[in-house]
Amino acid sequence: SGHSPIIELLFAHHPQLFNTTDCDGMIPLELAHAFGHKDVVRRLIRISIAHGFNVPQFVDQPNSTENQ
């Protein structure tokens, strides 16, 4: 997606946003997964691991969305 570099930049400067929830309690990674944005999911997983955040259970590894 054309937004992936923006997401990378945003989270690089504000990693705390990774755990920010929307009104339904979903974090950005869950939203990207729910809407099928595989490239964003992969980037958010890499960012979360780099900053020591836990990756939600529905995502096992960085390549988990590539085979779907």
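The cover over the buried residues of helix H1 includes helix H2 (28-34) and helix H3 (38-50), where contact means heavy atoms within 4.5 Å and helices are DSSP runs (H or I, at least four residues) numbered from the N terminus, with strands (E, at least two) defined likewise. The structure is a predicted model, in which local features need pLDDT of at least 70 and side-chain atom pairs count only at pLDDT 80 or more, whereas totals for chains, interfaces and linings use all residues. Residues are numbered from 1 along each chain as its sequence is written, and side-chain values use heavy atoms, with hydrogens and water left out.

The secondary structure of the protein comes to three helices and zero strands, and from the N terminus on the elements run α-α-α. The mean pLDDT, the predictor's confidence in each residue from 0 to 100, is 80 for the protein, and 81% of its residues reach 70 or more. Among the elements, H2 has the highest mean pLDDT (90) and H1 the lowest (84). Over residues 63-68 pLDDT stays under 50, and for this stretch the model has six contacts beyond four places in sequence. Of the contacts between residues at least 6 apart in sequence, 52% join residues at least 24 apart.

Buried residues make up 25% of the 68 residues in the protein, where buried means under 20% relative accessible area, exposed over 50%, and partly exposed in between (1.4 Å probe, protein chains only). In H1, which spans residues 4-13, the buried residues are Ser4, Ile7 and Phe11. Seen down the axis of the helix, these buried residues fall within an arc of 55°, so they line one face of H1; the arc is that of the directions from the helix axis to the C-beta atoms. An α-helix has 3.6 residues a turn, so residues three or four places apart point the same way. The face of H1 turned away from its buried side carries the exposed residues Ile6, Leu9, Ala12 and His13.

H3 has 13 residues and reaches 18 Å from its first C-alpha to its last, close to the 18 Å expected at 1.5 Å a residue, the expected span being 1.5 Å times one less than the number of residues. Its buried residues are Val40, Val41, Leu44, Ile45, Ile47 and Ser48. Seen down the axis of H3, these residues fall within an arc of 170°, so they too line one face of their helix. What covers the buried residues of H3 includes H1 and H2. The helix is followed by Gly52, whose phi is positive, near 80°.

The largest nonpolar core has eleven residues, namely Ile7, Phe11, Phe18, Ile27, Leu29, Ala32, Val40, Val41, Leu44, Ile45 and Ile47; such a core is a set of buried Ala, Val, Leu, Ile, Met, Phe, Trp, Tyr and Cys residues joined through side-chain atoms within 4.5 Å. The elements that give two or more residues to this core are H1, H2 and H3, and the largest share, five residues, comes from H3. Leaving aside neighbours within four places in sequence, Phe11 is in contact with Leu17, Phe18, Pro28, Leu44, Ile47 and His51.

Leu17 is found in the loop between H1 and H2 and is partly exposed, with a relative accessible area of 28%. With neighbours within four places in sequence again left aside, Leu17 is in contact with Leu10, Phe11 and Pro28. Leu17 and Pro28 are eleven residues apart in sequence, and their C-alpha atoms are 8.1 Å apart in space.

A search of the whole structure finds one aromatic pair, for which rings of Phe, Tyr and Trp (its six-membered ring) must have centres within 6.5 Å, with planes under 30 degrees apart counted as stacked, over 60 as edge-to-face and the rest as tilted. The pair is formed by Phe18 and Phe53 and is stacked, at 5.4 Å centre to centre and 15° between the planes. Phe18 lies in the loop between H1 and H2 and Phe53 in the segment after H3, so the pair ties together parts that are 35 residues apart in sequence. Phe18 counts as buried at 1% relative accessibility, whereas Phe53 is partly exposed, with a relative accessible area of 22%.

In the loop between H2 and H3 lies His37, which counts as partly exposed at 39% relative accessibility. His37 and Ser4 are 33 residues apart in sequence and 9.7 Å apart in space, C-alpha to C-alpha.
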